[in-house]
Amino acid sequence: MVSLNAVLLVSFLLFSIGIIGVLIRRNALVILMCVELMLNAANLNFIAFARHSGSASGQAFALLVMGFAAAEVAVGLALVVALYRKRDTVQVDDINLLKG
Amino acid sequence: MEHLLETIGRNMFAIFGVLALGAATVMVASRSAIHSVLAFLFAMLCVAGCFLALEAEFLGMAQILVYAGGIVVLFLFVVMLVEMSKKKEKEVFQLQSRYAVAAVLIGAAAFLGVFRKVIFGTASPEALVLRPELAQGLNVARQNAQAVSRSLFADYLLPFEILSVILLVALVGAVVLAKTERV
């Protein structure tokens, strides 16, 4: 059996890379991809705990998270496209519509 | 036998985990959005490999279908729409028939290699005989899939239904958000 610690380490590192990407990248598309990466790290945790507790609930929840991620990407990409139509850019630094 | 499966699982997880971390780093670090998308695709496939190593076979396949088949394609379409102002990105999407022909040929060869017996061979009368450890692995996979479906449709039916409503709302919302201003 794959040790729980190894899975948790990989999942933690994936999540950290995702957070770093969200914080340092300025492209809205890449930020969305990093959010997906973080959801995947959470999924990895769900599956690892399901495997080690011997119950299938974790896997069922990971499947739900996957569907949720798909919905999130659909809305997020629609937002990016709408934003690009309005402002001609997807760099989040240039988007300051709420600044008075 | 048990030991062999466990060793394979552990090594698979190590390889795919390291590859996923590397691909994720490339995704964050690369300058062009298209390279980020491709690295993202590779990372998702590696995470699917990790799922397989953790004996979540159904989820691994679902991950490949949902991410490689759906989400990455969506991302590629949006990159194509949005990032075309840059010259470098433009070159990536221009007609590259040589690579396209090569890719199609490789795909066709792989397909024929896998399905050659089914297409050209006669219908095999003898039943498929697997090596015992493979048969055991297949059995475990079947049991896992059954357990997941039972858990999903018996214990978590309400979250499942709520998720389907969320997907419907996301679908309508995406159409409303992305449609042009003039109606």
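Okay, quick definition before anything else: when I say helix, I mean a DSSP run of H or I at least four residues long, numbered from the N terminus. With that in hand, look at B:Glu55, which sits in the loop between α2 (33-53) and α3 (57-82) of chain B. This is a predicted model, by the way, so keep that in mind throughout.

Why start with that residue? B:Glu55 isn't a glycine, and still it has a positive phi of about 60 degrees. As a reminder, most residues other than glycine have a negative phi. And is B:Glu55 buried or exposed? Buried: there are 21 C-beta neighbours inside 10 Å, and the cut-off for buried is 20 or more.

A:Asp88, though, is exposed, because its count is 10 other C-beta atoms within 10 Å.

Let me step back to chain B as a whole. If you take the contacts in chain B between residues at least 6 apart in sequence, 61% join residues at least 24 apart.

Now the two chains together. The contact takes 46 residues from chain A and 52 residues from chain B. On the chain A side, the elements giving two or more residues are α1 (4-24), α2 (28-53) and α3. Which of these gives the most? That's α3(A), with 21 residues. By class, the chain A side divides into 37 nonpolar, 6 polar and 3 charged residues.

Let's zoom in on one helix pair across that contact. Helix α3 of chain A, residues 57-87, packs with helix α7 of chain B, residues 157-178, at an angle of about 10 degrees, and the axes are 9 Å apart. That angle makes α3(A) roughly parallel to α7(B), since anything under 35 degrees counts that way. From α3(A), the residues making the contact include A:Leu64, A:Phe68, A:Ala71, A:Val75 and A:Ala82. From α7(B) you get, among them, B:Phe160, B:Leu163, B:Leu167, B:Ala170 and B:Ala174. The class count for this pair is 19 nonpolar, 2 polar and no charged residues.

One more stop on α7 of chain B: B:Ser164 is in that helix. B:Ser164 counts as exposed, because it has 11 C-beta neighbours inside 10 Å. Its C-alpha is 13 Å from that of B:Phe153, which is 11 residues away along the chain.

Last, a couple of checks on chain A. At 1.5 Å a residue, the 26 residues of α2(A) should span 38 Å, and the end C-alpha atoms are 38 Å apart, so that agrees. On confidence, chain A averages a pLDDT of 90, and 99% of the residues score at least 70. Where in chain A is confidence lowest, and where highest? Lowest is α3(A), at a mean of 91, and highest is α1(A), at 94. That's me done.

Methods. Residues numbered from 1 in each chain as written. Chains lettered and ligands numbered in written order. Predicted model: local features only at pLDDT ≥ 70, side-chain atom pairs only at ≥ 80, totals over all residues. Contact = placed C-beta atoms within 7 Å. Axes fitted to C-alpha atoms, helices over the stretch in contact; angles between N-to-C directions. Parallel < 35°, antiparallel > 145°, perpendicular 65-115°, else oblique. Nonpolar A, V, L, I, M, F, W, Y, C, P; charged D, E, K, R; others polar. Expected span 1.5 Å × (residues − 1). pLDDT = per-residue confidence, 0-100. Buried ≥ 20, exposed ≤ 12 C-beta atoms within 10 Å, placed from the backbone.
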